[in-house]
Structure formats: C-alpha cells, structure tokens
Protein chains: 2
Amino acid sequence: MEAFETIKKISAQLKDLSGAASLLGWDQEVYMPAGAIERRATQLGTLAALRHRILAEELAPLLPRVETASLNEKERLNLAQLRLQTQKALKLPAAFVQAQAELAARTQYAWEQAKKQASWQAFCPALEQMVDSKHREAEYYGYTNSPYEALMDSYEPGLTLAEVDPIFEQLLAGLVPLLKSLQGQPQVPDAFLATPVGKDAQWALSMRLLAEMGFDLQHGRQDLSTHPFTTSAGPEDVRLTTLIVERDMQAMLYSTLHEMGHGLYEQGLPAHAYGLPEGEASSLSLHESQSRLWENNIGRSQAFCQWLFPLLAEYMPHALAGKTPEDLYRAVNKVQPGPIRIQADELTYHTHILLRYQVERQLIEGRLAVRDIPDYWSAFLLQHLGIQPTTEADGPLQDIHWAIGAIGYFPTYTLGSLYAAQQYAHMAQQLPELQAQLRTGHFAPIHAWLRQRVHQYGSLYSAREWSLQVLGEPLDPRYFLRYLSDKLVQVYALPIA
Amino acid sequence: MEAFETIKKISAQLKDLSGAASLLGWDQEVYMPAGAIERRATQLGTLAALRHRILAEELAPLLPRVETASLNEKERLNLAQLRLQTQKALKLPAAFVQAQAELAARTQYAWEQAKKQASWQAFCPALEQMVDSKHREAEYYGYTNSPYEALMDSYEPGLTLAEVDPIFEQLLAGLVPLLKSLQGQPQVPDAFLATPVGKDAQWALSMRLLAEMGFDLQHGRQDLSTHPFTTSAGPEDVRLTTLIVERDMQAMLYSTLHEMGHGLYEQGLPAHAYGLPEGEASSLSLHESQSRLWENNIGRSQAFCQWLFPLLAEYMPHALAGKTPEDLYRAVNKVQPGPIRIQADELTYHTHILLRYQVERQLIEGRLAVRDIPDYWSAFLLQHLGIQPTTEADGPLQDIHWAIGAIGYFPTYTLGSLYAAQQYAHMAQQLPELQAQLRTGHFAPIHAWLRQRVHQYGSLYSAREWSLQVLGEPLDPRYFLRYLSDKLVQVYALPIA
C-alpha cells in the first residue's frame, strides 16, 4: 500500500501543475495582454516539461512496484489507467513535450490574429508547424493503421477508424433523408430571437441560467471569450466562457448551456480522487455527451422551453410579446444549414464534424496540404449543405482546435451527441417525472442521475467500457436518429415516416 | 562560460514558475471562485516546493563552478547576487517553503473573510499561525540582533534596525512640528472631490490615465480589487489593480498612480535579463520609491494638477465647475489624519508606517500578541494622530501584508518615500523642463530618466549601493522633509520657517 500512497501524492502534484497550466491557458484566452504571448508560451512549456519529468522520474518507477493484491477494485482500476496513461505519455521525449506546449500557445495566438484578419494565409505557417509537430507525435506513439488513429487515441482511448467510419455512415444514412424531408416544408419562424438584446442583459441572463440550473458558482465562474470553452484550474475551480452576439440571443443561450454541461461534468467528478484517473474526465466523447445533453436533449426540449420562456421574456419582453413556449421550442429547433459549427442545428451539425474529421485525417495522413483547406472546405459545404462560408473567419478559421494542437478530436463531438441521446433515453426511462421536472426547472434529479451514471467514474473506464458497464449496451446511433427524427416530425409537423 | 549559460537557463525556468505562481496569486485576488481557495493553496505550495527543489538540486551546485574571470562586469554582479539569494533561500527546508506558501494563500483568504466581517477575532487564529511560521523562518535564516531583522532582509537586503530607527527618528523630528504648524490653519476645501462619480466613469478615467501616462497596456493590464496591488506574471505581463469608491475620486486616482508607478518599474526592468537579478526588481524600498514618486512627487505636484484638471473635468464636470487647477492641487495635498494608510496624506502616512513597523517587530520579537493588536493600534493612533479607527476593518485589518506573510516589509514604505523625494530632486535638477513637461503631460523624459537611473539596474545593487552608485550619495531624509515642507507652506500659505 505504501507505494500506492506515494503514487497518489505524486499524482496530486502533477495535477497541481496541470491546474496551474490550465489557469495560464484560460488567462491567455480571456485576460492576458497581447504582448505577453511569447513568455506565456515558454511558461507553459516549462510547466509541461516539469510535469513530464516528474512523470518519468518519480511516478513511472513506482507503478510496477504496487502489489495489486492489496488494492480494492477502484484502486486497481486507477492503477491500471495510470499505467496506461503514463506508458503513453512517456513515449514522447521531454524536449518534444515542452516544444509542443510552447508551439500550441503560439499557434493559438496566431489563430486569433488570423481570425481577426479573416486570413487563412496568415494562419498557414503556424498551422503547418503544428501539423508537423502532431505528425511527429503520432510517430512517437507508433501506429499500425494510420497516424491519425494514434492521435485520436489521446482524446478517445482505444477508438479506431474502423469504428468511426461506420458510425458516420450509419448516421449520415439516417440524417440525409431527414434533411431532404424538410426541404419544401414551411420554415419555422425564428426572427424574434434575433431581436437585439444588450450585452449586460444577456450576461445577466446567462449568469442566472447557470445559477438556476445548478452550476456551482462558488466553485466555478464564467467569463466572455470569442470561442466558448470550459477548463478547470482544479475540481473546485471550473471555468466556463460564453459569447454574446447582440442580434442572436441563441448564440449566448446555447453556448452557455453547452459549456455548462461540460462544467457540470467537471464539478461532478469525485474530488477525493484528485490527480487519479477516477478524478479526471473520461474520454472527450463522454465530455461532449454532457455538453450536448444539456444544450440539446434538455435545452432544446419542449419541456425545457416551457420553463425557459418566462425567464427569457424578462430579458427580451418585446421580442416575446404574443409568442408562446411552443414558438420558442420550434424556433430553437429550426433546421437551417449555415457555415458556423457551434451555431448549427442538431441535424446539420454532424456534417460540420464530418468535414473536420476528413480534413484533419487527411492532413495527418499527408493527403491534404494546410493551404488547400479553404477550397476543400467550400467544396464540401457546397456539396453537402448547399452553402459556402462568407469569409475564411466563418470557414476553417472558426474553430480553435487545430491551433492548440487538438487534431484527432473532432470525431468525439459526433460520438458525444450519440452518447447524449442514448443517455437521455435511459434517463427518461428511469426518471418518469423528467418532463414535468424540466417544465418546472427542477434539475436536481438530472444532476443526481448524471453523477451516479457518468461523473462518478471519472476515467476509470473508456467510453466504450462505460457504455457496456453502465448502460448495459454499446454505443448505438439509432438512439440519436430516433430522438432527432421524433423531434423534427413534431417541430415541422411532418407526416410520420 | 558554459556553466553561466546553464545558470541563465535554469534561472529562466525558475522565473517561469514564479511567474505562473504570480498569476495564480493575482487570480486568487481578482477572479478565483471562493470555493477554490484550499486547492489554490496547495497548487501554490507545489509550485514553491518545485522552485525550491530546482534551486537546491540544479542551480546551487552550478554557482561555485563559474569562472568569474570569464564574465563581464554585469555578469559578475548577476552571479554575486544569485549566490547571495540562493544561499539565503536554501536556508529554508523545502517542506517549510511549501507549507508556508500554502499557509499564505489560506491566511490571505482568512483575512478577506475577516475584513468583510470587520472582525479581528476571526482573523486571529490564521495570523497567529503565520506569525509562528515567520518566526521559524527567521530562526532558519539566523540572526545576531533580532529575528525581525532577518525577515526585513528579505524585502530590503542588508537593511538593519540600527539604520531604520534613526531614520524614523529624524523623520518624525521633522514631521511632528510640521503637523503642529498646520493646526489652527484654515483647512483646504476638498469636498468637491467627494462628488459621486459612477464606477464606469472612474474606470474609464483610470484606464485613460494609464494610457496617457505611459503604462504599456500591450504588456500589462488593470483590474479591480479591494486592496490595490501590482504583480507580474512576466516582464511583458504586469498586472495592476485599483479600487473605486464612488464618493471619493481621490481613492481611485492615487491608487492608480501608485500602482502604475510599481508597474512602470516592472515594465522598465531589462527583459533580456529574464530570471537573473538584473531582470528582477530591486529591494522593496526602490520599488516603493517608484510608486510614491508617481503618486506624490509627480501626482500631487502643482504642474501635474494643471495637466490633470481638464482631464478630470471631463469625468466630473459639475464637481469641477468654477474650480481651478490650483484648487485641485490644494485639495489633493490636504493634510488630515485618518485611519486608512493608503488614503493618508504624505505627512501623516509615515505615522501609519511607524505603527505597523512597531507592531510587526514586536510580534516577531514576542513582545506583542496577535489578539492585542487592535488595542495597541487604537492607542497609538489616538496618541499620535488624535484619531481612532471606526471599525477593525479600518484598523489593523486594512492591510493585506501580514496575511500573505509580508512581515518586515512596512519600513520599506517609508524608505520608498524618502528615496522618491531624493530621486525627484535629482531628476528636477537634471531635467530643467520637468515642470513644463508635467503641465503638458509629456512624461517620456521622466520614463527615460527612471529607466536609466533606476530600472535598468534591476537588483544588481541593493538600494543602499544603488544610491551611492547612481545618486552619488546615501539615503538622506532631508530631501523628503524639504520637499514636503515646501509644498505644505505653499498649500497652506504658511509663514516660511
């Protein structure tokens, strides 16, 4: 047991360092003065190098020494995950880890500047360096199939391309006919949500939603950023950002609900397991399942719209005069292809993910050059959604992910939506009063359900294992297809297929 | 040379870590959710322990190996200071450093809570622990005279009690009669500065002052906090805070100028010497000389008030209607004993410092108990200034210093004022157009003077050495006494002594 106690202590120190790095990263996005970027990059590099060194010199040598017989079930799972994670992390040389952390901070900055100028050209050199770095990362990990698979594994342990491709196929096979069936239908009116509402009022509503829906503001906070994100400086310090667009109340509403879902997951992780896999969020598909669940399955449900309507009316009374909760429900579920992923409806969203998945995979497999992305992007959107981005800022510059080195991440967004629908179906079965509770803003049973079924496990299981263990079945895209099709039949008053 | 290059590299890493810790500390004061305090404390402890370890295991062994013959003058000075600082730092055991960093974060939080409740009682247990920890720190350093001297040395290297006491005596011998000479004089009108001005307008003015006076907002920022402070997350990331009191424009004005002075010093340090003593601020008396210089010698001068007046009038037009720059000049130099140190006039300010110096010295020498401070405080203020704090929040709870373990720090505030007056006298001689430049808001020559005479040296010299080297004379309180007496004779139209 002694070795395991020491392992817990060292893991906690490592987590202190990554919490500090998270705060530096958060600060870089929301408050850091622009001229500090180079130094911030080296600071993050130093923290990453130190973490790597402690991992290699202190944690790794202890891992084989633990006598597993003396551990209980959870401790055994923690140890097994720690061994896996450490083994993978130590495939990267320390100098590489440091350089990549520095590069990520710089590339992120280059992306922000390029986005302001709406110039992909301006972003190319930085992204090329990052793609090169990620390619080397994949080589360090090693792979049998594709270097992309090696990268994807960091976000979704164990996920293979042989799983991803059929999922997208199955999904698109359901979504494409659904989209077609909406063509020619009278569009649902949503212009009233474009009534301008001032920044202060939107901010006040956003904070109120967080408070009323159970995000713990004693152990978290919210700020503004151009690209909404969630990060944790520690389990008691979960930081969300949202964005405000004066003529688009939905942008704030659903960014807030989305990031809140991520934040509730972080707040729900067992704090007693600080630094251990049990205390860490699991794969990104499960993380995304939490954000999509609150944003869509809950946040765009009929029952929730009934609760939201009077609240919203306090902040935009003129816009909602003469409207009903049903109008709100229909408006927020309007299907309309557009260029921006985070503002996409639930149906066309996955086309955006497919695009990014194809781009990043081809980038890493050397089949697409960074400079050719905008053309590929436009052609893909035109072909699949019949639209084109108006500027490069609304095109491939819209997302932060590649800039921070998150390549191999996007498929988890689709998996997250699928898991969310599957969870929601199970939840609805197990909480028979769910709809009534949503209508009255009674969210505690949902929190309890999610903590017990999802949060408490941290990353003791991969998403695949978790699904089998907890839901008793593997990931099944049919849940999502059924959920969405049922909703759109209702919203668009379609003939039932 | 090779060893010295490695030393520079390790020093830069250490500075990366202290920059990260500074950001965590800044965040704790301005944005951190309250429930994160315990974790923040351990994070800061981990960072401090790591710094200490790198210092002990990596930096210290290299220091004796450098062949000084191969170094130039500045490198030699850097090395000598590094050796001194490292030797001192390593007198503290790593576990102690970690525990004290954690304690500081917790005590700071306890102080904030106690201040909100205006309850010294609530703060006592935390402060008692801190005093105990600081006493142990002094024991680790070792001392011949007083443990207080050992602590003071951390803020003002080489300063002895044998120097401090006569300085206070000489100062008070000049200030007490000056204060007496004002009694019975008609008081200068300053009520117009208590006209309420909204938070947004005050904030806008504060930011405008920073910009117009040369604080580089590309490499720094300002936020709000209850206790204004300055910290650096790096030389390109200098963070100020100010406070806003709706019915007291002076509180914001002079907090902003004061912290800006600290910030300009941090921004003026040679960034190429990142991590080396040359790149670090010198003793706190020189740091405070920069803040007091901008706050008082410049900020409360007749010429500056002429520049400030029309600017101020944009933000409080009604209050300044019918007033003149001369009215402003007199108002901001009004002498009026009050309970709050940071709002004290330049004359009674040093009585506040003397009080804190006596309290903290007696605390560390075991001659005063934490719980007896409020009585001591009241009696002292009554005796020396004829006033008493209205609540404990306005009494010994007003300052953050002891809470964060800064005991032995306060005397440097008085030294800072003295150095500021001495610098200002030299500057005025060397910049014959100084008054005209202040009247027109032309601050560049002042920045250049300060960078060349003060900032560029970093901490290559102690304040005492710096004074001899650069001003060509030791610290001399007569500069301050002459400066203040000249000004008050003018403001109060006193008969010239």
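In which handedness of crossing does α8(A) pass α9(A)? The legends below describe a predicted model and begin with this pair of helices.

**View 1. Helices α8 and α9 of chain A pack against each other.** Helix α8(A) passes α9(A) in a right-handed crossing. Helix α8 spans residues 199–213 and helix α9 residues 249–268, and they pack at an angle of about 30° with their axes 10 Å apart. That angle makes α8(A) roughly parallel to α9(A), because angles under 35 degrees count as such. From α8(A), the residues A:Q202, A:L205, A:S206, A:L209, A:L210 and A:M213 meet A:M249, A:M252, A:L253, A:T256, A:L257 and A:M260 of α9(A). By class, this contact has 9 nonpolar, 3 polar and no charged residues.

**View 2. Helix α19 of chain B has buried residues along one face.** Within this helix, residues 463–471, the buried residues are B:A463, B:W466, B:S467, B:V470 and B:L471. Seen down the helix axis, they fall within an arc of 100°, so they line one face of α19(B). An α-helix has 3.6 residues a turn, so residues three or four places apart point the same way. Just after α19(B), B:G472 takes a positive phi of about 75°.

**View 3. B:P445 lies in helix α18 of chain B.** This proline is buried, with a relative accessible area of 17%, because buried means under 20%. Leaving aside residues up to four places away in sequence, B:P445 touches B:L431 and B:Q437. The C-alpha atoms of B:P445 and B:E465 are separated by 25 Å, the two residues being 20 residues apart along the chain.

Note on methods: Residues are numbered from 1 along each chain as its sequence is written. Chains are lettered from A and ligands numbered from 1 in the order in which they are written. This is a predicted model: local features need pLDDT of at least 70, side-chain atom pairs count only at pLDDT 80 or more; totals for chains, interfaces and linings use all residues. Side-chain values use heavy atoms; hydrogens and water are left out. Buried means under 20% relative accessible area, exposed over 50%, partly exposed in between (1.4 Å probe, protein chains only). Helices (H or I, at least four residues) and strands (E, at least two) are DSSP runs, numbered from the N terminus. The arc is that of the directions from the helix axis to the C-beta atoms. Axes are lines fitted to C-alpha atoms, for helices over the stretch in contact, and angles run from 0 to 180 degrees between N-to-C directions. Angles under 35 degrees count as roughly parallel, over 145 as roughly antiparallel, 65 to 115 as roughly perpendicular and the rest as oblique. A crossing is left-handed if the near helix is turned anticlockwise from the far one by less than a right angle, and right-handed if clockwise. Contact means heavy atoms within 4.5 Å. Ala, Val, Leu, Ile, Met, Phe, Trp, Tyr, Cys and Pro count as nonpolar, Asp, Glu, Lys and Arg as charged, and the others, Gly among them, as polar.
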